[in-house]
Amino acid sequence: MQTRKKCIFLTFLASWLLLFFFGGDQLRRFAFFSSRKAESRRNWPRWTDQSLLQSFADPEELQRDGDPSPLSPRQRRAAWLSVHRRGRCRMETCFDFSRCERHGFKVFTYPQERGQPVSETYSKILSSIERSRYHTPNPAEACLFVLSIDTLDRDHLSGQYVRDVDEKIRGFPLWNGGRNHLIFNLYSGTWPSYTGELGFDTGQAMLAKASFDSQSFRPGFDISIPLFSKEHPQRGGDRGWLQQGSVPPSKKYLLVFKGKRYLTGIGSGTRNALHHIHNGKDIVSLTTCKHGKDWEKHKDTRCDQDNVDYERFDYQELLHNSTFCIVPRGRRLGSFRFLEALQAACIPVLLSDGWELPFAEVIDWGRAAVVGSERLLLQIPSAVRCIHPERVLAFQQQTQFLWDAYFSSVDKIVHTTLEIIKDRLSPHRSRSRFLWNSLPGGLLVLPGFSTHLGDFPFYYLQQGYSPSEKFTAFIRVVSQAGSLSQPILRLIQAVSGSQFCAQIVVLWSCEKPPPPSGTWPQSSVPLTIIQGSRKLSQRFFPFEAIQTDAVLSLDEDTSLSTSEVDFAFLVWRSFPERIVGFSTLSHFWDPEQGRWGYTSKWTNELSIVLTAAAFYHRYYHSLFTEYLPAGLRELVDGLAACEDILMNVLVAAVTKLPPIKVTQRKQHKEGVAQQEECGDGAAGTPPPGQRSPPAPRSVPAEARGTAGSRRFSQRQDCLNQLADWFGYMPLVSSQLRLDPVLFKDQVSVLRKKYPSLEKP
């Protein structure tokens with residue numbers, strides 16, 4: 001047995017020795033050639049008879065030729081990544097989250113250097129950032145940085161092309177290889193290839209870029225933005241052509257296109273083929289060769305007739321009268337007509353293979369556009385004819401929502417970009433795609449308030465939720481008093497008597513401390529006192545003490561009965577997204593002075609419900625404080641009687657709906673409360689003899705005077721400054737007033753639910 005083991009061991013040892021002597025030389029040669037291959041992928045062949053061959057090239061030149069064989073796809077990808085080192089970037093690898101932990105999401109724009117050219121469009125982008133609530137002038141607080149160098153047009157043939165960008169950004173101490181930087185770009189590449197290159201090393205910076213190619217787009221890191229013209233408005237913007245809730249009439253044309261036709265070069269294939277689907281009836285496809293300096297040198301046999309047909313139709317008329325609009329690629333993937341079609345409620349039919357659609361990370365374009373293929377152009381007419389009319393209407397309504405929510409102004413495009421980046425920082429508290437694709441849109445839904453749809457006032461109807469059955473009475477007190485006045489005592493008694501009142505919160509906006517708790521009236525609901533400041537904007541601060549969905553905003557001298565409160569609350573529960581109240585104003589345009597005005601006269605029009613006595617959803621406190629920039633809140637604090645106008649403007653901008661007026665016992669006229677205010681009247685606090693906003697109770701005319709005129713002037717200024725900031729007038733007029741059933745009818749009082757409303 002041991003002899004057998006010895007034989008096996010000797011055989012195994014002999015095998016290893018043979019492998020070492022006969023195979024070791026081959027292994028050494030393999031290692032040698034591997035090291036040589038690291039130095040040069042493939043050297044010029046060493047011929048055995050090289051001394052007999054005549055040399056016609058320098059040996060170093062031959063070595064530089066390299067391997068003539070084509071690279072494999074993997075090698076090409078590796079070479080591309082070596083040039084574009086940013087290609088592997090993700091938020092986890094190329095973004096420093098720690099910069100956003102202390103001060104939150106703040107954006108710093110580099111100061112502009114003297115003599116540095118900046119286009120009008122890039123100035124609008126920088127202005128949008130600086131006017132946003134995220135802007136900070138302190139780079140130490142910044143989470144995100146935006147260059148002051150204009151990087152929008154990177155076509156070196158353009159007059160707005162900025163040279164030597166690499167040298168300039170390397171000199172910025174905050175650049176840090178592009179980390180936590182955002183670069184905006186609309187035009188990249190140049191004739192003839194129009195590649196996506198920007199002409200400088202973007203490092204680890206994020207790109208907010210138009211005409212983004214899906215191959216170079218880094219999902220979850222870059223952002224695709226729409227291509228927009230320099231005439232695109234800074235803020236506000238024109239509304240869509242289809243009114244909200246309306247059904248458009250049947251259109252004359254099914255499918256249209258009118259635009260340039262490229263005879264040669266990139267983008268010419270798709271546009272040259274568009275004439276194949278033209279039938280001159282319900283499908284109109286018009287192209288022209290007449291553009292560029294030397295178009296006549298390249299024109300083909302169709303050009304002359306195409307140019308004649310092109311002039312027969314008006315582009316705006318086609319947009320208005322067509323159901324679908326073809327949006328083919330141009331020299332680049334994006335096109336101006338994409339936004340033009342959205343605004344016109346003309347459903348875009350996209351023919352741009354490989355285009356990463358604008359904000360596709362959050363927007364569901366399958367609900368607003370038809371994404372076609374350039375190779376299947378001839379199938380487009382039959383495909384759009386098969387879409388059901390109800391589906392067509394849904395497409396059209398969605399185009400109007402997306403246009404108004406995200407694309408109608410430079411402000412909205414930039415703010416959408418910033419909000420998408422902000423959502424990436426906290427994925428667990430980010431907006432869902434439902435919020436981005438449903439009214440009122442992602443910009444107006446704050447995930448910091450809640451992530452549950454039932455906590456917002458916009459989704460009750462479509463999601464089957466109901467607002468809470470109780471309300472919080474929120475009373476702002478500004479009077480100086482050692483003891484409580486009779487009006488506030490009566491107000492607390494009337495409000496606490498409502499079966500729907502959950503609690504009363506008093507905001508004590510006076511420097512002197514509030515009266516002792518024993519002097520406050522006894523009520524059946526909890527009463528909370530909050531020591532506040534004298535800023536008017538604090539009236540709409542999201543205090544944690546407010547736990548109910550409904551807030552009844554009151555002034556201390558407001559006079560209401562329990563029946564008025566009950567009825568107004570029941571009306572609000574049917575319209576939880578609106579302001580429901582008693583005293584109203586109406587705005588109008590004064591053509592002589594060229595500005596907005598308002599009136600409190602009794603007319604059939606109303607557009608403002610004064611928050612001296614009004615119900616609204618508590619979410620608007622968060623929107624007022626966190627959504628609006630600090631500049632608007634400072635405006636409110638500096639102008640008396642402005643905070644209620646701003647709240648009405650904000651709610652109208654969100655809902656596109658007017659407020660609702662409900663029944664009162666008396667017609668309350670705008671007046672001036674005769675109370676002794678705290679102190680001497682600092683900024684934002686009306687001086688003695690003036691109230692803001694006015695109480696719904698009428699006041700004798702002699703109480704009005706210089707203070708009333710000053711308040712009227714400040715309201716006018718406030719209204720016009722708000723219209724200028726929003727870019728348009730958001731307020732919506734209405735002629736609706738809601739009364740209880742049988743109100744003022746000649747029937748028995750026993751049949752009426754709120755008989756006390758009819759008492760004087």
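The model is a prediction in which local features require pLDDT of at least 70 and side-chain atom pairs count only at pLDDT 80 or more, whereas totals for chains, interfaces and linings use all residues. Residues are numbered from 1 along each chain as its sequence is written, and side-chain values use heavy atoms, with hydrogens and water left out.

The chain contains 22 helices and 21 strands, taken as DSSP runs numbered from the N terminus (helices, H or I, at least four residues; strands, E, at least two). Of its 760 residues, 51% count as buried, that is, under 20% relative accessible area, with exposed meaning over 50% and partly exposed in between (1.4 Å probe, protein chains only). Among contacts (heavy atoms within 4.5 Å) with a separation of 6 or more, 74% are between residues 24 or more positions apart.

Leu182 stands opposite Met206 in S4.

Axes are lines fitted to C-alpha atoms, for helices over the stretch in contact, and angles run from 0 to 180 degrees between N-to-C directions. Buried residues of H5 are Thr121, Tyr122, Lys124, Ile125, Leu126, Ser128 and Ile129; the buried residues of this helix pack against S1, S2, S3 and H14.

The axes of H5 and helix H14 (residues 410-425) are 9 Å apart, and the two helices pack at an angle of about 60 degrees. H5 and H14 are therefore oblique to each other, given that angles under 35 degrees count as roughly parallel, over 145 as roughly antiparallel, 65 to 115 as roughly perpendicular and the rest as oblique. From H5, the contact is made by Lys124, Ile125, Ser128 and Ile129, and from H14 by Val410, Asp411, Val414 and His415.

Phe97 lies in the loop between helix H4 (91-94) and S1. Its relative accessibility is 28%, so Phe97 counts as partly exposed. When neighbours within four places in sequence are left aside, Phe97 is in contact with Met91, Glu92, Arg424 and Leu425. Phe97 and Cys143 are 46 residues apart in sequence, and their C-alpha atoms are 7.8 Å apart in space.

Another open sheet of five strands has the order S7-S6-S8-S9-S10, with parallel pairing. Strand S7 (283-288) and strand S10 (370-371) are its edge strands, each pairing on one side only. Strand S6 (residues 253-260) pairs with strand S8 (residues 322-328) in the parallel sense over three bridges, and Val256 stands opposite Cys325 in S8. Helix H9 (residues 303-310) packs on the sheet and touches S6 and S7, its direction making about 120 degrees with that of S7. Helix H13 (residues 389-407) lies across S8 and strand S9 (347-351), running at about 90 degrees to S9.

How values were computed:
Pairing = 2+ DSSP bridges.
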